[in-house]
Amino acid sequence: MGNYLNNSGLRPSLLDIALSYNNGKQGEVKQKTRVVVNTNRIWYGVNSTASAFLATAYDEQGREVDSMRGYFLEPETKYEKAKTAGGKMAIMSGEYNIIPNAEMLKKINEQRKKNNKIPEDGLRFQWYIDTPPGRSCIAIHGGKTWKNTEGCFIPGDTIGLSADGENYEIYDRGKKKELFDFFEKYGEGGIKINVGPHFEELYK
C-alpha cells in the first residue's frame, strides 16, 4: 500500500494546519483531569473518511497537561444519511461525550426497560461515543479498512491508500492502546470529542 502518510513523515504544514498542534510541557496529574479530542475530516474516499485528531488533557484550571495525536478511519461521509440508524455512514459532525462500556450499557438498558425490551448482556467494545443523532453504539475500536468501521471510529498511527486508490486504510501501530491509555489516565473528569468536518469551525 503506497502513498501513506504518518506522524513522522507527514509534511508538517498539513497536520499543523489541520490540528494547530501545540507541543506543551507534560505534567504530572495532581488533580482531576479531562480530555478533549478534536478531529478534522480531511480525506474522503469512495467508501471511507480519514481524519486527523488531537487529544488534549486539561487540569481543573484548564491548563494543558498532555497531548497526543493520530488518525481516525470512518465510513463514507454522507450527511443526508448520517442520522439513519444502522446505515453505517459517518456520524454527524458535532460535540459528543466519550463514555466507557459500562456506562453505555447502562444507558442502553435504561432505554430498553422503558420500551419493555430485554436488556443487553454486554457490549463488544471498550469506549463509545454518546450519542450521535439517530445513531447508537458508535464505538472506537480496532480495524484496518472501511469494511471494519461498522459506522464507528478506528484509530491508527498511519493513513494509506487502498490498492485500487479509491479508499483509505489505517494502520494501528499501537495507536489504539495509546489513545485508550490516555483516556484511562486523564479522563476522570470526562472525555469529549469534537468531530469535524472543518477544523476552524471547532473554535468559533
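**View 1. Strand β5 and its two partners.** Strand β5 (residues 94-100) and strand β11 (residues 191-195) run antiparallel and share four bridges. This is a predicted model, in which local features need pLDDT of at least 70, side-chain atom pairs count only at pLDDT 80 or more, and totals for chains, interfaces and linings use all residues. Residues are numbered from 1 along each chain as its sequence is written, and side-chain values use heavy atoms, with hydrogens and water left out. Strands (E, at least two residues) and helices (H or I, at least four) are DSSP runs numbered from the N terminus; two strands pair if DSSP finds at least two bridges between them. Gly94 has Val195 as its bridge partner in β11, and Tyr96 has Ile193 in that strand. Strand β5 is also joined to strand β6 (residues 127-130), again by four bridges and in the antiparallel sense. There, Pro100 is the residue bridged to Trp127 of β6.

View 2. Contact means heavy atoms within 4.5 Å.

**View 3. Trp43, Tyr71 and Tyr168, a cluster linked by ring pairs**. Rings of Phe, Tyr and Trp (its six-membered ring) pair if their centres lie within 6.5 Å; planes under 30 degrees apart count as stacked, over 60 as edge-to-face and the rest as tilted. The model has seven aromatic pairs by this rule. Trp43 and Tyr71 make a tilted pair, with 6.0 Å from centre to centre and 45° between the planes. Because Trp43 belongs to strand β2 (residues 34-44) and Tyr71 to strand β4 (residues 64-75), this pair ties together parts 28 residues apart in sequence. Residues are buried at under 20% relative accessible area, exposed at over 50% and partly exposed in between (1.4 Å probe, protein chains only). Trp43 is buried at 12%, and Tyr71 is buried at 0%. The rings of Trp43 and Tyr168 have centres 6.5 Å apart and planes at 40°, so this pair is tilted too. Tyr168 lies in strand β10 (residues 168-171), 125 residues away from Trp43 in β2. Tyr168, like Trp43, is buried.

**View 4. His141 in the loop between β7 (138-140) and β8 (154-156)**. His141 is buried, with a relative accessibility of 4%. A polar atom of its side chain lies 3.3 Å from the backbone oxygen of Thr149. Leaving aside residues up to four places away in sequence, His141 touches Phe125, Asn148, Thr149, Cys152, Phe153, Ile154, Pro155 and Lys176.

**View 5. Lys147 in the loop between β7 and β8**. Lys147 is exposed, with a relative accessible area of 63%. Its C-alpha atom is 9.8 Å from that of Lys88, a residue 59 positions away along the chain.

**View 6. The protein chain, with three helices and 11 strands**. From the N terminus, the order of elements is β-α-β-β-β-β-α-β-β-β-β-β-α-β. The protein chain has 204 residues, of which 46% count as buried. Among contacts between residues at least 6 apart in sequence, 65% join residues at least 24 apart. The chain exposes about 10800 Å², and carbon and sulfur atoms supply 46% of this area; accessible areas come from the Shrake-Rupley method with a 1.4 Å probe, and for residues only the protein chains shown count as cover.

Terms used:
A polar contact is a pair of N or O atoms within 3.5 Å; within protein, one must be able to donate a hydrogen and the other to accept it, and residues adjacent in sequence count only if both atoms are side-chain atoms.
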